[in-house]
Amino acid sequence: MSVRAIHVDEVAPQRWRNGGGFTRELLAWPAVEAWRLRVSVAEVESDGPFSSFPAVERWFAVLDGNGVELTVGGIAHVVTRDAAPLHFSGEATTACHLLDGPTRDLNLMLRGIRGGMFRAEAGQPWRPRAAQCGLFAAVAGQCVGSGQFAVPARCLLWFAEAPASLTFIPTQPDAGAIGWWLAATPQEHAAWA
């Protein structure tokens, strides 16, 4: 089984063109130049618009900070660390307003791929039903499936072939979100649901 671990702090940040923050790209599949699946962590320093990504489905979750108000296609959504990930179209006009200071946010973008982002619950099995999947751990712990993997805080653990089931067990109890499951299946893989 092919498993990769990518820690946020090991990825060089890329400054946004509008100067409002920067992004660390953790995963781009199948290639950086022509990605269909992209996982990144963004540090948002000021209010401003999101870039447009036509034909892309996006999921957004707050990792650190007091949260944001995202206005997507004229509808406002408040997203905090304890909120469910927000799913929206990458081509929708989207503006970000920081609620109280900078945030660090997790982004999943899919082009021609079915999938999603879901909150991980401590000790609760997750059955991805996907071709590929991953865990972004907000806190340190163990990810258990067809093997056992130690995962440091702020790390993406990515499975090129999704196991039937995964469970995340945090090292220490945490009052907030412990992590997020990510699932991705190329649409041409009709056998995956």
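This is a predicted model: local features need pLDDT of at least 70, side-chain atom pairs count only at pLDDT 80 or more; totals for chains, interfaces and linings use all residues.
**Sheets**

Six strands make up an open, antiparallel sheet, arranged in the order β2-β3-β4-β11-β6-β9. Its edges are formed by β2 (14-15) and β9 (86-89), each of which pairs on one side only. The antiparallel pairing of β9 with β6 (residues 57-64) runs over four bridges; within it, Glu 57 has Ser 89 of β9 as its bridge partner.

A further open sheet contains four strands in the order β5-β10-β7-β8, and here too the pairing is antiparallel. At its edges stand β5 (48-49) and β8 (75-79); each has a single partner strand, so one side of each is left without a neighbour in the sheet. Strand β7 (residues 68-72) pairs with β8 in the antiparallel sense through five bridges, and Thr 71 has Ala 76 of β8 as its bridge partner.

In soluble globular proteins, nonpolar side chains tend to be buried together. The largest nonpolar core of this model comprises 24 residues, and those with the most contacts inside it are Leu 26, Leu 37, Val 39, Phe 136, Leu 156 and Trp 180. Two or more residues each are contributed to this core by β3 (21-29), β4 (37-44), β6, β11 (103-110), β12 (113-119), β16 (155-159) and β18 (179-186). Another core lies apart from it and has 18 residues, among them Trp 126, Ala 130, Ala 137 and Ala 183.

Leu 156 illustrates the contacts made in the largest core. When neighbours within four places in sequence are left aside, its contacts are Arg 4, Ala 5, Ile 6, Leu 26, Leu 27, Val 39, Leu 135, Phe 136 and Leu 182.

**Backbone geometry**

Most residues other than glycine have a negative phi, and most peptide bonds are trans. Trp 29 and Pro 30 are joined by a cis peptide bond, with omega about 0°; Pro 30 is placed in the loop between β3 and β4.

Notes. Residues are numbered from 1 along each chain as its sequence is written. Side-chain values use heavy atoms; hydrogens and water are left out. Two strands pair if DSSP finds at least two bridges between them. A nonpolar core is a set of buried Ala, Val, Leu, Ile, Met, Phe, Trp, Tyr and Cys residues joined through side-chain atoms within 4.5 Å. Buried means under 20% relative accessible area, exposed over 50%, partly exposed in between (1.4 Å probe, protein chains only). Contact means heavy atoms within 4.5 Å.
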